[in-house]
Each structure stands twice: as C-alpha cells, then as structure tokens.
Amino acid sequence: MIKELEDIVKAFDKATQQGLRTALATVVHVEGSAYRQPGARMLVTENGELTGAISGGCLEGDALRKAQLVIMQQQPMLVTYDTTDEDDAQLGVGLGCNGIIHILLEPVDTQSPNNPVQLIKLITSNRQESILITLFNKKQRKGPQAGTVLLRRDAFIDGTPENTSLYPALLDDSLTALHSRSSIVKNFLTGDQELSALFSYIAPALQLIIGGAGNDAQPVLQLATVLGWHCTLIDGRPAYATSQRFPGARIIITKASDVLQHITPDDFTAAILMSHNYNYDLTMLKNLIQTSTPYIGVLGPAKKLRRMLDESEGISHIQQARIYGPAGLDIGANTPEEIALSIISEIKKVISNQYSNYTGQSLRDKNGTIHNRASQVVISQKI
C-alpha cells in the first residue's frame, strides 16, 4: 500500500505544478469479495490521468468520470458498485467479483494544510506506522461526506474532523488499530445520524538491505524495486557496488564491521547476505542479529549457515528464528532470477506475518477468504 501512496504523492505534486486539479478515490468499505480492499486509493487529475487503483481495472473508467464531476463541483461523493449480479450491465461488463464496493471521491484542496494528500505526504515522509482515518456516510451517499480528515502516527495527530464529538472516539479507535496493526471500519451513531469511519493501517515501506554486489544481487534489486521496497546495497568493493550496476539503490561501500554506522534497521527491514565472501557475510550477520530486523537471509547451503552460527557466540534461539538459510522458498528456483523470486517471496511472507498468518501455500488450498477480512469487519458504537 505504501508504494501506491508514494506514487500518488508524486503524481499530485506533478499535477499541482501543471496547474491541474485532482480528486482522491478511496475504497472505504467492501461487502463480499473485491479485487482491492478498504484503504486502496487512486488519484485522478482533471485531464483524466490515473495513479493507483481501486479495482482490477473494471471500475476505474466509471470512477474517472465521477471523479472529474467531483473536481468540477468541488464536492465529495460516495459511489457504490454492486458486482454481485453478473447480469447487471450497469458498467458494461460482467464483473463477477461478488461484492459491493463503496468508494469515496473527494476533491483535493491545495489550499488546505490538512487535505488528504498532505496527510498522505506525512505518512510517506516518515518511517512510522500510521492510521489514516476517512469518514463517510453510506446512508446519505449524495449528502455531505467528511472524507479523509485525520492521521495518527503514535502520539502525533494531524487533522481534525468537523464533527468534534467524534474526536475522542476516533483517537481511541485509531490507537487500537495501530496496536493491532489492522484496518477496521466502524459505524458511529450520533443522535439520529450514522457516520462510518475507515481506519486504514499503513506500514512503512519495506527496507531491504542487500549485502553483496555480485551479479546475482541485480535481479533481487530489480524485483524489490518493482514492489516499491527501499533498497540499500552494501559491499566493500567500489568496482562492483556502482549505481550503473544497481540503479535506484542507495549504495554504501564499507567494511562489514561498520555496517550499522550507515543503516538503521527496524521492524520493517529485511536483509539478504549474498556477498559470496564468507567472512563478510559472517560479520554482517553478527551485526544485524543485534537489531530488530525480522528477516536475515543467508544465501548458500545449510552447512554454511551452521558454521556461521558455530562461530557466532551469544546468538540466542529467539534470534536464530529470524535467520533464514538457505534463503528463499522452495519453488524449484535455479537461475539467478528464479532464486531472486524465491528470496523476495520469502521476505514478503515473513514481513506480512507480523500482521497476520500467511502460510505461503497455493490460494487454491487455503481455507476461507483470500484477503484478511479484518478491514471489512464493521463495528458499531453509539456516541
């Protein structure tokens, strides 16, 4: 999700420089199945450029037209798409998603210091877990829609809802969502009015540390870049670790013993040790295991890792659980590109398991729904 938000910020800044008005589309609630889940966002410019996605492509055309109307009228709008009826020709295609998707379209006021994109900028400019709160009214879809009004990052609060009576409850629920690392939709009953709130949990971008500048590190960087991960390449050989060989990566040329002077690993950091230099990998392992990074992959045979552990004093069983070697999922990988895919997939699984339980099995064999439906659970509260 964070890559989508980073792309939206870039597209917004470009549109603003060109003098183009924009609107933000947000999937705020899903009933049943849908390609994108609550919290998915898309920026629309008045000349029809789209950044991000709210579906697999089936809703974007109609949403674009409605977003341009929102931009022209400068009034938000809640749109509902019912894809449960395959014979419904409303959108010109049989969607077959078997879900009802509620999408909030809101104009972005560049003069407002707390407009939705400004709040998103605060998220993308800090490596902090965040809750972005969007208020909407399903009962009166053509009525006023408060929109994206509040951002919580630990103790930092930005923005204020117009309905101030909701403020304490929103803060409490945002803290709950932050601690549980999950998104929720909640209904608030205030007098005779019902208002819904989407609490979108947004994790920082995954930070990938690639230890080693060999040729096989190049496809690892390429795949990670496509996913929007923030990549740092570390090696002691300036002839290998170059921006020409590793475009887009932050490159650090250093001794392995000094690696922690240049990086700050956190809960959303993964490292893959693949320098093909045993002592370099061993020293990096000894340094990285002292940090909170949940994934340290070691390329090579299990025998190599056993030797490294034997030569590393003081590594506990809890710390060893964060070491993955041989690195990667068992998918029959042989070529450097396939091995990179295996490693990247394992990293994604491990990091995602911090919020929920993902087995890495075929979706065909999974019991229950594909997506984590925590974000679709609606809770009601009377204020």
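1. Glutamine 74 sits in the loop between helix H2 (60–73) and strand S4 (77–82); helices (H or I, at least four residues) and strands (E, at least two) are DSSP runs, numbered from the N terminus. The phi of glutamine 74 is near 55°, a positive value in a residue other than glycine. With a relative accessible area of 36%, glutamine 74 is partly exposed. In this note buried means under 20% relative accessible area, exposed over 50%, and partly exposed in between (1.4 Å probe, protein chains only).

2. The model is predicted, so local features need pLDDT of at least 70 and side-chain atom pairs count only at pLDDT 80 or more, while totals for chains, interfaces and linings use all residues. Residues are numbered from 1 along each chain as its sequence is written, and side-chain values use heavy atoms, with hydrogens and water left out.

3. Although arginine 181 is not a glycine, its phi is positive, at about 50°. The residue is found in the loop between helix H4 (167–180) and strand S9 (184–190). Arginine 181 counts as buried, at 17% relative accessibility.

4. Two further backbone features involve glycine. A cis peptide bond joins glycine 325 and proline 326, with omega about 0°, and proline 326 has its place in the loop between strand S16 (323–324) and H9. As background, most residues other than glycine have a negative phi, and most peptide bonds are trans.

5. On the overall fold, the protein has nine helices and 17 strands. Its radius of gyration (taken over C-alpha atoms) is 23 Å, close to the 21 Å that the globule rule (2.2 Å times the number of residues to the power 0.38) gives for 383 residues, so the protein is as compact as a globular protein of that length. The C-alpha trace spans about 70 × 45 × 45 Å along its principal axes. Of the contacts with a separation of 6 or more, 63% are accounted for by residues 24 or more positions apart, where contact means heavy atoms within 4.5 Å.

6. Buried residues make up 50% of the 383 residues. The protein exposes about 18,100 Å², of which carbon and sulfur atoms supply 49%; accessible areas come from the Shrake-Rupley method with a 1.4 Å probe, and for residues only the protein chains shown count as cover. There are 34 positive and 38 negative side chains, with Lys and Arg counted as positive, Asp and Glu as negative, and His and the chain ends not counted. The centres of the two sets lie 3 Å apart, the place of a charge being taken as NZ of Lys, CZ of Arg, CG of Asp or CD of Glu.

7. The largest nonpolar core has 45 residues; such a core is a set of buried Ala, Val, Leu, Ile, Met, Phe, Trp, Tyr and Cys residues joined through side-chain atoms within 4.5 Å. Leu170, Phe199, Leu208, Ile210 and Ile347 have the most contacts inside the core. Helix H9 (residues 336–352) contributes the largest share, six residues. Beyond residues up to four places away in sequence, leucine 208 touches residues including Val220, Ala224, Trp229, Ile344 and Ile347.

8. Helix H5 (residues 217–226) has Ala217, Pro219, Val220, Leu221 and Ala224 as its buried residues. These pack against strand S11 (207–211), strand S12 (230–235), strand S14 (269–273) and H9.

9. Serine 174 lies in helix H4 and is buried, with a relative accessible area of 0%. Leaving aside neighbours within four places in sequence, serine 174 is in contact with Ile131, Ile133, Arg152 and Phe199. Proline 161, in the loop between strand S8 (156–158) and H4, is likewise buried, at 2%.

10. Leucine 43 belongs to strand S2 (residues 41–45) and is buried, with a relative accessible area of 1%. Apart from residues up to four places away in sequence, leucine 43 touches residues among them Ile8, Phe12, Leu24, Leu50 and Val117. Leucine 43 and proline 301, 258 residues apart in sequence, are 46 Å apart in space, C-alpha to C-alpha.
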